[in-house]
Amino acid sequence: MKRVYLDHSATTPIEQSVLDEMMKYFLETYGNANSMHSFGREAAYAVDNSRRKIAELIGVSPNEIYFTSGGTESDNWAIKGIAQKNRGRHVILSNIEHAALIETGKQLREQGYEVTFLAVNDSGIIEPQALRKAIKDNTCVISIMLANNEIGVIQPIKELAAIAKERKVLFHTDAVQAVGSIPVNVKDLGVDMLTLSAHKFYGPKGIGVLYIRNGVKPDKLVIGGHQERTMRGGTTNVPQIVGLAKALEIATENLQSNYKKIKKLRDHFVKRILEEVPFVIYNGDTENRLPQNANFTFEFIEGESLMLRLDLAGIACSSGSACSSGSLEPSHVLLAIGVPIEKAHGSLRFSFGKNNTIEEIDYTVDIIKDAVEKLRVMSPLFYEFKEGSKNV
Ligand SMILES: *Cc1c(COP(=O)(O)O)cnc(C)c1O
């Protein structure tokens, strides 16, 4: 059977050359990077090189790179680490953050912090004026994502970070979806902390980075050994770190050509869906948007039913966020941009990757057309709608 993977915002396949590079650090250079002997020194050398490479690729110093177990840990660390240094104070997050931050915000609130989930506008963007108004004298940290995982909108982070700086509030951005897809230069963005994760750019799962600007000192989240300059305990994950660096290098080298290719696939998909499937809404800002993302509401049907039909045809996409699918909660991101609950339930995310082909996109559109038509025949909502419009 044909299999088409259109869920790259959930995760990407690992690049073969990345895996090849990593194997050496499982099988040969397997020493503990903290050990004094040659096995350890060789491992430490590989980690140093990777750290230097990553720092250079995102425009920071090597001693501002901290390795973590992934995007989720980095997000938790950034916000909890600063909040815990500033007991009971005020924290601002956007209301379209990834669950890693939304849930952290909720936990901080339970612990007595004041937490603002700042609303985006109908395009999904945090307006600088809104942030300016939300900052209080006791705000200690702000976290606004660079690009959203469900609707792909890109925030004006440079402008937002400058506002935070004016008010002397620390600013973190979750750049997990952005890194590897669009150019990201940390110093140019002017943020104090930034999260990235390897498995979203064809690297291994379970490894990420928290960039922490020199001079910023969050409390530790994971304590134990003296790894990561005493800031994050746990035996250094050498193969994964080497893999992250290699994947980031490849992604950066091919950024422009991948961007063009993926955007072309996405645009073709969007054009065909809007032209050929009736009663469809394209969600999120059309301009400030990641090249890989398309999010649609198919009116009068359940997103999950459509997703399962596509799955039977070998096509992988996502209903809501990968984290909220499995629950019946509609996506908090779609609700935040003003999509009504019933329409949020009829929404699917398609996220494209560098290995997709135009034939796969055309196959997918053909399957969607057919599936939507069949589901609507069975849909009481669609029946009511048609009857209703007859009487007008
Ligand atoms: C995937 C993702 C995360 C979580 O990263 P993990 O490495 O899977 O923990 C966080 N934020 C965003 C925006 C993501 O897309």
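## An enclosed strand

In this predicted model, strand β5, which covers residues 139-143, has five of its five residues buried, so the strand is largely enclosed by the rest of the structure.

## The neighbours of β5

Which strands pair with β5, and in which sense do they run? Strand β3, made of residues 90-94, is joined to β5 by four bridges, and the two strands run parallel; within this pair, Val91 is found opposite Val141 of β5. Strand β6, made of residues 170-174, also pairs with β5 in the parallel sense, in this case over three bridges, and here Ile142 stands opposite Phe171 of β6. To get from β5 to β6, the chain passes through helix α6, residues 157-166, in a β-α-β crossover that is right-handed.

As background, strands of a sheet pair through backbone hydrogen bonds, and the pairing may be either parallel or antiparallel.

## The sheet as a whole

Strand β5 belongs to an open sheet of seven strands, whose order is β2-β8-β7-β6-β5-β3-β4 and whose pairing is mixed. At the edges of this sheet lie β2, residues 65-68, and β4, residues 114-118, each of which pairs on one side only. From one strand to the next, the twist averages 20°.

Helix α2, which spans residues 38-58, packs on the sheet, where it touches both β2 and β7, the latter covering residues 193-197. The direction of helix α2 makes an angle of about 115° with the direction of β2.

## Cavities inside the model

How many cavities of 30 Å³ or more does a search of the whole structure find? The search finds two, and the largest cavity has a volume of about 250 Å³. This largest cavity is lined by 25 residues, and the closest of them to its centre are Gly180, Ser181, Lys200, Tyr202 and Ile262.

Which elements give two or more residues to the lining of the largest cavity? They are helix α8, residues 238-253, and helix α9, residues 255-276, and α9 gives the most to this lining, with four residues.

Note on methods
Residues are numbered from 1 along each chain as its sequence is written. This is a predicted model: local features need pLDDT of at least 70, side-chain atom pairs count only at pLDDT 80 or more; totals for chains, interfaces and linings use all residues. Side-chain values use heavy atoms; hydrogens and water are left out. Buried means under 20% relative accessible area, exposed over 50%, partly exposed in between (1.4 Å probe, protein chains only). Two strands pair if DSSP finds at least two bridges between them. A crossover is right-handed if, with the strands pointing away from the viewer, the path from the first strand over the helix to the second runs clockwise. Axes are lines fitted to C-alpha atoms, for helices over the stretch in contact, and angles run from 0 to 180 degrees between N-to-C directions. Contact means heavy atoms within 4.5 Å. On a 1 Å grid over the protein atoms alone, a cavity is a set of points where a 1.4 Å probe fits but cannot get out, and a pocket is an open set with protein on both sides within 12 Å along at least five of seven lines; lining residues have an atom within 4 Å of a point. Grid points are joined across faces, edges and corners, and a volume is the space filled by probe spheres set on the points.
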